[in-house]
Amino acid sequence: MAADTAIYDLKGLNCPLPVLKAKKRLAGMKPGSRLWLETTDPLAVIDIPAFCSDAGHQLIETAAMSGGHRFLVERGETV
């Protein structure tokens with residue numbers, strides 16, 4: 001993980017909040033910027049990849065972590 005990549009803690013939030021909050025956070029970032037999303041919502045493994053695909057962001061990495069998942073997302077050109 002790059003030292004300058006921010007981590008957005010979305011643990012404890014259930015669908016649809018992780019996607020809605022990620023969308024808002026990514027909208028305020030520059031294209032090409034990366035953000036780690038950390039979630040405990042079991043549906044995030046479906047919702048986050050679908051959101052990235054629909055919104056034009058790139059899902060760089062997905063990893064299981066204790067109690068949830070991490071997603072490395074690169075902001076796309078358009079939101």
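Me: What makes the sheet of this predicted model an open one, and in which order do its strands stand?

Reply: The model, which is predicted, has an open sheet of 4 strands in the order β1-β2-β4-β3, with mixed pairing. The edge strands are β1 and β3 (58–65), each of which pairs on one side only. Neighbouring strands are turned against each other by 20° on average, with direction ignored.

Me: How do you know that β4 pairs with β3 and with β2, and in which sense does each pair run?

Reply: Two strands count as paired if at least two bridges are found between them. With 7 bridges joining β3 to β4, and 6 bridges between β2 and β4, both pairs meet that cut-off of at least two bridges, and therefore both are called paired. The sense is antiparallel for β3 with β4, and antiparallel again for β2 with β4. Among the bridge partners in β4 are Val73 for Leu59, Glu74 for Gln58 and Arg70 for Glu38.

Me: Why is β4 called largely enclosed?

Reply: A residue is buried when its relative accessible area is under 20%. Of the 7 residues of β4, 6 are buried, and so the strand is largely enclosed by the rest of the structure. As for the helices, α1 lies across β1, β2 and β4, running at about 150° to β1, while α2 lies across β2, β3 and β4, running at about 5° to β4.

Me: Is Arg70 counted as buried or exposed, and why?

Reply: Arg70 lies in strand β4. Its relative accessibility is 18%, and because the limit for buried is under 20%, Arg70 counts as buried.

Me: What makes the pair of Arg70 and Glu38 a polar contact?

Reply: The cut-off for such a pair of N or O atoms is 3.5 Å. The side chains of Arg70 and Glu38 are 3.1 Å apart in their polar contact, which is within that cut-off. Glu38 also has Arg70 as its bridge partner in β4.

Me: Which residues and elements make up the largest nonpolar core?

Reply: In soluble globular proteins, nonpolar side chains tend to be buried together. The largest nonpolar core here has 14 residues, of which Leu26, Leu35, Leu37, Ile48, Phe51, Phe71 and Val73 touch the most other members. Two or more residues come from each of β1 (6–10), α1 (17–27), β2 (34–39), α2 (44–55) and β4 (68–74), and α2 gives the most, with 5 residues.

Me: With which residues is Leu37 in contact, leaving aside its neighbours within four places in sequence?

Reply: Leu37 is in contact with Tyr8, Leu10, Ala22, Ile48, His69, Arg70, Phe71 and Val73.

Me: Which peptide bond is cis, and where does its proline lie?

Reply: The bond that joins Cys15 and Pro16 is cis, with omega at about 10°, and Pro16 lies in the loop between β1 and α1.

Me: What does the record place at residues 8–74?

Reply: UniProt, in an unreviewed entry, places the feature "domain: UPF0033" there. In the model, the end C-alpha atoms of residues 8–74 lie 13 Å apart, and the span is 34% helix and 36% strand.

Notes
Residues are numbered from 1 along each chain as its sequence is written. This is a predicted model: local features need pLDDT of at least 70, side-chain atom pairs count only at pLDDT 80 or more; totals for chains, interfaces and linings use all residues. Side-chain values use heavy atoms; hydrogens and water are left out. A nonpolar core is a set of buried Ala, Val, Leu, Ile, Met, Phe, Trp, Tyr and Cys residues joined through side-chain atoms within 4.5 Å. Buried means under 20% relative accessible area, exposed over 50%, partly exposed in between (1.4 Å probe, protein chains only). Contact means heavy atoms within 4.5 Å. UniProt positions are given in the numbering used here, feature names are shortened, and annotations may be inferred rather than shown by experiment. Axes are lines fitted to C-alpha atoms, for helices over the stretch in contact, and angles run from 0 to 180 degrees between N-to-C directions. A polar contact is a pair of N or O atoms within 3.5 Å; within protein, one must be able to donate a hydrogen and the other to accept it, and residues adjacent in sequence count only if both atoms are side-chain atoms.
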